[in-house]
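This report describes one protein chain, from its overall organisation down to selected local features. The sequence and model are shown first.

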Amino acid sequence: MRFLVDAMLGKLARWLRLLGHDAEYGRDASDEELLARAAEEGRILLTSDIGLFKRALSSGISVVLVKGSSEEERLALLARRLGIRLEVDLENSRCPKCNSPVVEVPKEAVRGLVPEGSWRRYERFWRCTGCGQVYWQGSHWSNIEAVLARARELARARSSKAP
Ligand SMILES: [Zn+2]
């Protein structure tokens, strides 16, 4: 799925990219620019702004009003509303920094690009085809999995209550 995320939801854009979605982020864009770009590029607009949400609806643009006080709640809402899978498969991930696809690269190719300790400890590495950032499932990875596990629980809990 392709998204355009408003400036308030930058962190959510990074999560969506990690989950494999094309999520552009309208950092300095006006409401008019966001609406025009969502329409032109066929992107689902994600916003926490009720005014922008209503304008998008009345313009026939696909839009989701994203509420929630944590990333887990926001991700659960998107899972429920759009059926987004809350699991990372790095084969399909996009770079959280720049939204370009990441590809797995041979370990030898990233020697010197990652800390020596990480290079020794891990076997699989992925590199962004856009900005060149290298990723691996390091010590931070359990935090990512924990957030997604909580989001999956919230999504299940809410959907079982709804008709
Ligand atoms: Zn990148």
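## Overall architecture

The model is predicted. Its protein chain contains six helices and seven strands, which follow one another from the N terminus in the order β-α-β-α-β-α-β-α-β-α-β-β-α. The C-alpha trace extends over about 55 × 35 × 20 Å along its principal axes.

Of the 163 residues in the protein chain, 30% count as buried. When contacts between residues at least 6 apart in sequence are considered, 51% of them join residues at least 24 apart.

## Domains

The domain assignment divides the protein chain into domain 1, covering 2-87, and domain 2, covering 102-135. Taken over C-alpha atoms, the centres of domain 1 and domain 2 are separated by 30 Å.

Helix H1 comprises residues 10-18, and its buried residues are Leu12, Ala13, Trp15, Leu16, Arg17 and Leu18. An α-helix has 3.6 residues a turn, so residues three or four places apart point the same way. The cover over the buried residues of H1 includes strand E1 (2-6), strand E2 (22-26) and strand E3 (44-47), together with H4.

After H1 comes Gly20, which has a positive phi near 100°.

## The packing of H2 and H3

Two packed helices are described by the angle between their axes and the distance between the axes. For helix H2 (residues 31-41) and helix H3 (residues 50-58), the axes come within 11 Å and cross at roughly 40°. H2 is therefore oblique to H3. The crossing of H2 past H3 is right-handed.

On the H2 side, the residues that meet H3 are Asp31, Leu34, Leu35 and Ala38; their counterparts in H3 are Leu52, Arg55 and Ala56. By class, the residues of this contact of H2 with H3 comprise five nonpolar, no polar and two charged.

The loop between helix H4 (71-82) and strand E5 (102-105) contains Asn99. Although Asn99 is not a glycine, its phi is positive, at about 75°.

Is Asn99 buried or exposed? Asn99 counts as buried because it has 20 C-beta neighbours inside 10 Å, and the criterion for burial is 20 or more.

Definitions and conventions. Residues are numbered from 1 along each chain as its sequence is written. This is a predicted model: local features need pLDDT of at least 70, side-chain atom pairs count only at pLDDT 80 or more; totals for chains, interfaces and linings use all residues. Domain bounds come from an automatic or database domain assignment. Helices (H or I, at least four residues) and strands (E, at least two) are DSSP runs, numbered from the N terminus. A residue is buried if 20 or more other C-beta atoms lie within 10 Å of its own, exposed if 12 or fewer, and partly exposed in between; C-beta atoms are placed from the backbone. Axes are lines fitted to C-alpha atoms, for helices over the stretch in contact, and angles run from 0 to 180 degrees between N-to-C directions. Angles under 35 degrees count as roughly parallel, over 145 as roughly antiparallel, 65 to 115 as roughly perpendicular and the rest as oblique. A crossing is left-handed if the near helix is turned anticlockwise from the far one by less than a right angle, and right-handed if clockwise. Two residues are in contact if their C-beta atoms, placed from the backbone, lie within 7 Å. Ala, Val, Leu, Ile, Met, Phe, Trp, Tyr, Cys and Pro count as nonpolar, Asp, Glu, Lys and Arg as charged, and the others, Gly among them, as polar.
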